[in-house]
Amino acid sequence: MRLYTTAITTARRAGLGPDDVVVAGVSGGPDSCTLMRVLRTAAGDTRFGFAVQPAHLMHDFRGQETRDDADFVRRRWPECIIEEVDVAAYQREHGISSFEQAARDLRYDFLARVARQVGARLVAVGHTADDLAETVLLHVARGSGLHGLRGMSELDPWPYPTSRNRDDPSETPLKVWRPLIELTRRHTIAYCRNYGIDYRDDSTNYMRDFARNRVRLDLMPALKEQLNPRIADALGRLSRTAAAQVDYMEQQADLLWPQVALEPAADAGILRLDRAGLAEAHPALRHIILRRAWVTVTGHEHRLTERHLAAMADAASNPGSGKIIQLPRGFRFVVDTRLATLNGPDAADDCPYPEPVRELRLTLPWGPIAVAVTRRDGWEVTAESVRVQPGTALDTGNSLAAYLSSEALAEGATVRTWQPGDRMQPLGMSGTRKLQDIFTDARIPRHWRERIPLVVTPRGIAWIVGSRIADWAAVRPEASEVAATFIRFDPQPPGADSS
């Protein structure tokens, strides 16, 4: 009776009708066999009448057992669409360390292709309440935020980009449907046994090489015995609570998004955010907005972690510019004076610096002239004579501004870009280092380096703008005030006058 109720109520909540097709991911295990019975039961009800298309992916991993599973599925559901993939080859090609992750990538890609082939808007999978509890526990162990704690729900957006045209509003987005999410694995096994339904037992479910199996076989039983016999129910409640809170924060983010997200560049894979608007948002909403920015550019939440979000939020909301956060799949989060830009690996030009500056003589304050301004090649450079008192904080809060010793600039200075063989003596070091090594340690992309201005004196490189100051050019107001020169580089908009 519970199975019939599950079938009817979940189909009603999914809004299914006679014109719908549902793709069912089937492995041959007790969960997927129960899933097919639930779907067929609901499809046979005159109130729904949708079609069911089973789909099975063969992971080239278990040898004969893989082929036996496929034969079982083919005999049970002759209309099943079956495909075989090489997970190890996919891992090597895409540099993925986790076999589980690679298999999941391929499985969802396969199901999305089948859904497009048959015109389905829903893909049903056999996840149960146990799977939900295990997922939440894994996310807890990995330090996930609220998005991870919500685990999975009965109906979720598709977790990966698909071949569907996202610019076509007439295409309904693909979703994952979990009709069994309120049942347990014990229910599905009992149902199959009670009704004489054969099923396959996947040997990989007992391999402790995989994190999820260790959670299922070791951690969950220990928690049940030593902490809470109903730990799965408790984790399910945590998931639902987190989902409700995420939903509320997403609604608040909807109100802020138009103020923070600027129009994307014409080139795909770039999104610019207003730093001031982002800094004004509550810290919890910053993470929501940054996650949304990632989804906007990539099409999914995949592989973005709380560690990435925290680094992005810190770079965008704290003073300074020129910071770069490396993100999965070659994406970068770049912070300049006003904007924080999320760049894809194929972005046409993601460099925050203007075109390379031609070598120029830097105009410095002299005599009664306390401020001097130089404009050229997309930069406005302001140099100001100042007196620095002992104890003065020399952190300008802007990586494109710095205090340099007036004595170090006494013989004049030029501005140029990096040349092969350049070396400098970074602050706090007794020897010199190659600029190439300094750039590498700072994770500055190679195609940016030729645009970074250098302040150079006859003694050598005094300042890598946006990065390091030379030890001999630093200001040290230890006992009494000292003369210093405050220099600030400001990128100018294209077409600005030069002088």
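The legends below describe close-up views of a predicted model.

**View 1. Helix α3 and its buried face.**
Helix α3 covers residues 64-76, 13 residues in total. Buried positions in α3 are Glu65, Thr66, Asp69, Ala70, Phe72 and Val73. Viewed down the axis of α3, these buried residues fall within an arc of 160 degrees, so they line one face of the helix. An α-helix has 3.6 residues a turn, so residues three or four places apart point the same way. The elements that the buried residues of α3 pack against are helix α2 (30-43) and the strands β2 (51-59) and β3 (81-85).

**View 2. Asp31 in helix α2.**
Asp31 is part of helix α2. Its relative accessibility is 15%, and the cut-off for burial is under 20%, so Asp31 counts as buried. Setting aside neighbours within four places in sequence, Asp31 makes contact with Gly126, Thr128, Asp131, Leu180, Arg185 and Thr188. One of these residues, Thr128, is 97 residues from Asp31 in sequence, yet the two C-alpha atoms are 7.7 Å apart in space. With Thr188, the side chain of Asp31 forms a polar contact of 2.6 Å to the side chain of its partner.

**View 3. An open sheet of 4 strands.**
The strands of this open sheet follow the order β11-β15-β18-β19, with antiparallel pairing. At the edges are β11 (360-361) and β19 (460-464), each of which pairs on one side only. Strands of a sheet pair through backbone hydrogen bonds, either parallel or antiparallel. Within the sheet, β15 (residues 414-416) is joined to β18 (residues 454-457) by 3 bridges, and the two strands run antiparallel. Thr414 faces Val456 across this pairing, standing opposite that residue of β18.

**View 4. The hairpin of β12 and β13.**
Strand β12 (residues 371-376) runs antiparallel to strand β13 (residues 379-388), and 6 bridges join them. Ala372 stands opposite Ala383, a residue of β13. The hairpin has 2 residues between its strands. Asp377 in this hairpin takes a positive phi near 55 degrees.

Terms used
Residues are numbered from 1 along each chain as its sequence is written. This is a predicted model: local features need pLDDT of at least 70, side-chain atom pairs count only at pLDDT 80 or more; totals for chains, interfaces and linings use all residues. Side-chain values use heavy atoms; hydrogens and water are left out. The expected span of a helix is 1.5 Å times one less than its number of residues. Buried means under 20% relative accessible area, exposed over 50%, partly exposed in between (1.4 Å probe, protein chains only). The arc is that of the directions from the helix axis to the C-beta atoms. Contact means heavy atoms within 4.5 Å. Two strands pair if DSSP finds at least two bridges between them. A polar contact is a pair of N or O atoms within 3.5 Å; within protein, one must be able to donate a hydrogen and the other to accept it, and residues adjacent in sequence count only if both atoms are side-chain atoms.
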